[in-house]
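Please keep the sequence and the 3D view open while reading.

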Amino acid sequence: MSKGFDELISKVGAKKKVSVAVAQDAPVLEAVKAAREKGIADAILVGDADKIREIAAEIHMDLSDYEVIDVKDVQEAAHTAVGLVHSGKADMYMKGLIDTKSFLKSVLDKEVGLRTGKPLSHVAVFELKGIDHLLFLSDVAFIPYPTLEDKIAIIEHTVQVARACGIACPKVAPLAAVEVVNPKMQATVDAAELTRLNQEGEIKNCIVDGPLSLDLAIDAEAAKHKAAEDRKIVGDADVLLFPDIHAGNLVYKALVHLTECKNGCLLTGTKAPVILTSRSDTFETKVNSIALAAIVAEELQKKSED
């Protein structure tokens, strides 16, 4: 089990290949350069070749190490870049200087996209001071008000990422304001149903215990104080499943801006890992996200070989 991103990066096997859509973006190129230097991934840069060369010169990036595909039109560049992943010429797909809506449109393209028929969701992975393992948060950025069916898919996607990171049987905490079922609080009803489905083998490869308040999920002392030590999760959750995007996004931003942490993010529910970072994300977050994608791509490759 990887306890942090440095350890996670050290476990990346053979370099993977990331296809970057509209690659003429300095922060993304810097992250791609660092990922190559760390032995995580090589890259195919799709976009305006003249602008890519100009930026590369500014950041001292040797483009002879990369394949550059010159496509000036933004939509066409995304179509070309995602097609490389769809055809197996690249292992993962990354957003460059393109708006999120257009990027997602390429992900869902019926001909060359990465759709699976399952809901897309977003997982954020954190290395936090005071917690001795990686913490997986979902969904914090994609599905506004997940239904029970959405939550089942979110668990499936997030557990896949956690297992790729070395957690054999992740502990999943469906969060709510309270840790008992209240029919007037839908989050608690959904959490209890998810727990039942896990107990009956419908949700596999993990332990689901909910509803849980956030303190019970991540703080063992809280479990003691609340006499909840008989729960399957007593402050040692690996996955925090949020009731809606508001709760998830608020916790995500509180961690990023108020704590000492490292993090990375992935879009899940796709045929291959998708790196959907924000322009406000740090350089380190972008590199960590590429590393996460490489780890997941490696796991998917092993499954396809089996």
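I290 is found in helix α11, which spans residues 283-305; helices (H or I, at least four residues) and strands (E, at least two) are DSSP runs, numbered from the N terminus. The model is predicted, so local features need pLDDT of at least 70 and side-chain atom pairs count only at pLDDT 80 or more, while totals for chains, interfaces and linings use all residues. Residues are numbered from 1 along each chain as its sequence is written, and side-chain values use heavy atoms, with hydrogens and water left out.

- I290 is buried, with a relative accessible area of 0%; buried means under 20% relative accessible area, exposed over 50%, and partly exposed in between (1.4 Å probe, protein chains only).
- Leaving aside neighbours within four places in sequence, I290 is in contact with A31, V32, A35, I40, A41, M92, M94 and I275, where contact means heavy atoms within 4.5 Å.
- From I290 to E111 the C-alpha to C-alpha distance is 25 Å, and the two are 179 residues apart in sequence.
- E284 also lies in helix α11, but E284 counts as partly exposed, at 38% relative accessibility.
- Not counting residues up to four places away in sequence, E284 touches K262 and N263.
- E284 and N263 are 21 residues apart in sequence, with their C-alpha atoms 8.0 Å apart in space.

- A21 has its place in strand β1 and is buried, with a relative accessible area of 0%.
- The residues that A21 touches, not counting those up to four places away in sequence, are V46, A78, A81, Y93, M94, K95, G96, L97, I98 and F103.
- A21 and E149 are 128 residues apart in sequence and 31 Å apart in space, C-alpha to C-alpha.
- V22 lies in the loop between β1 (16-21) and α2 (26-37).
- V22 is not a glycine, yet V22 has a positive phi of about 60°.
- V22 is buried as well, with a relative accessible area of 1%.

**Helix pair α6 and α7**

- Two packed helices are described by the angle between their axes and the distance between the axes.
- The axes of α6 (residues 148-164) and α7 (residues 186-199) come within 10 Å and cross at roughly 55°; axes are lines fitted to C-alpha atoms, for helices over the stretch in contact, and angles run from 0 to 180 degrees between N-to-C directions.
- α6 and α7 are therefore oblique to each other, given that angles under 35 degrees count as roughly parallel, over 145 as roughly antiparallel, 65 to 115 as roughly perpendicular and the rest as oblique.
- The crossing of α6 and α7 is right-handed, a term used if the near helix is turned clockwise from the far one by less than a right angle, with anticlockwise giving left-handed.
- On the α6 side L148, K151, I152 and I155 take part, and they meet A187, D190, E193, L194 and L197 in α7.
- By class, this contact has six nonpolar, no polar and three charged residues; Ala, Val, Leu, Ile, Met, Phe, Trp, Tyr, Cys and Pro count as nonpolar, Asp, Glu, Lys and Arg as charged, and the others, Gly among them, as polar.

**Cysteines**

- A disulfide is a covalent bond between the sulfur atoms of two cysteines.
- Taking a disulfide as a pair of cysteine sulfur atoms within 2.5 Å, the count comes to zero.
- C169 is in no disulfide, and the nearest cysteine sulfur, that of C206, is 6.5 Å away.
- C169 is partly exposed, with a relative accessible area of 38%.
- C261 is in no disulfide either, and the nearest cysteine sulfur, that of C265, is 10 Å away.
- C261 is partly exposed, with a relative accessible area of 22%.

**Other backbone geometry**

- A cis peptide bond joins S138 and D139, with omega about -10°.
- D139 lies in the loop between β6 (135-138) and α6.
- The peptide bond from G210 to P211 is also cis, with omega near 5°.
- P211 is found in the loop between β8 (207-208) and α8 (214-218).
- N205 has a positive phi of about 65° although N205 is not a glycine.
- N205 lies in the loop between α7 and β8 and is partly exposed, with a relative accessible area of 46%.
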